[in-house]
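The sequence and model are shown first.

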Amino acid sequence: MPAGQAEILTSRTPAAYHCGVHEVLLAALAGAVVDARPGAGGGTVLVDVEGHGRAAADGTDLSRTVGWFTTVRPQWLDLDGVDLAEASAGGPAAGRLLKAVKQQARATTEDGPGRLPDNTDASGRAHLPSARISFNYMGRFLAAHPRAGTPEPWQLTGEPAIGSSSDPGMPVPHVLEASAVVRDTVDGAALSLTLTWPDRLLDAAVVARLGRAWLDLLDGLAAHTDSPAAGGHTPSDFPLLDLDQDEIEQFEAIADRLNDEAAR
């Protein structure tokens, strides 16, 4: 991604929509999958979302642990009703896309996709289809400057340092694996997207079309962020209240009107 757009997508867009960078990238990827499907493939996507970090559910102190901690969580994302062409063009649908994915992703429980019926037990979850697509936001890193000399401790030392430690002979768990990483360089944030796939299962032209759609939707989100109408909350931002999206947007409209009146 161009540096200017990368800076918007990694700072201003998450701030406007009260979400993380990974949700911005996931929203555009899910939209791209739906958009790139041949014919009427439906508006739902099942994605295995990989996460990292040391979040101890039982309060265990993990500060002295060593290793790469990984979680993989299946997430059903329903984009029915989202105008993806309008989203790619930077219209209001870009915000609706991000809000929809953010809300659904945050509704996911530790046991599986949040959109499962409440009465679905563990045996029912065992019969869910396996995700054919995975998404992995590697995180944000300080890139080594080519003229900086010896890298400091824990500083990355080159492009191959991220996401390249898998044995080429390992079986792939997904038909398509999408990943993203942000590097802070002397020229600003650098956002890189990667798609990998077994060439016996997917044609390169299909993946190229999906990759183009992913970029277009990220372009649309970056452009939309400059709109005065960009931003807003979702029900997941208010866990102690029983609000739906329409009610939140009504309250936000009232607040905007009051702020405009006060400014006069």
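His18 lies in the loop that joins helix H1 (3-17) to helix H2 (21-36); helices are DSSP runs of H or I with at least four residues, numbered from the N terminus. Although His18 is not a glycine, its phi is positive, at about 55°. With a relative accessible area of 35%, His18 is partly exposed, a class between buried (under 20%) and exposed (over 50%), for a 1.4 Å probe and protein chains only.

The model is predicted: local features need pLDDT of at least 70 and side-chain atom pairs count only at pLDDT 80 or more, while totals for chains, interfaces and linings use all residues. Residues are numbered from 1 along each chain as its sequence is written, and side-chain values use heavy atoms, with hydrogens and water left out.

The two residues with accessibility values are listed below.

Ala87 touches Ala93, Ala94, Leu217, Gly220 and Leu221, leaving aside residues up to four places away in sequence; contact means heavy atoms within 4.5 Å. Ala87 and Leu218 are 131 residues apart in sequence, and their C-alpha atoms are 9.0 Å apart.

Helix H2 also meets helix H4 (residues 92-106): their axes come within 9 Å and cross at roughly 115°. H2 and H4 are therefore roughly perpendicular, the term for angles of 65 to 115 degrees. In this pair, Glu23, Val24, Leu26 and Ala27 of H2 meet Leu97, Leu98, Val101, Lys102 and Arg106 of H4.

Conventions:
Helix = DSSP H or I, 4+ residues; strand = E, 2+ residues; numbered from the N terminus. Axes fitted to C-alpha atoms, helices over the stretch in contact; angles between N-to-C directions. Parallel < 35°, antiparallel > 145°, perpendicular 65-115°, else oblique.
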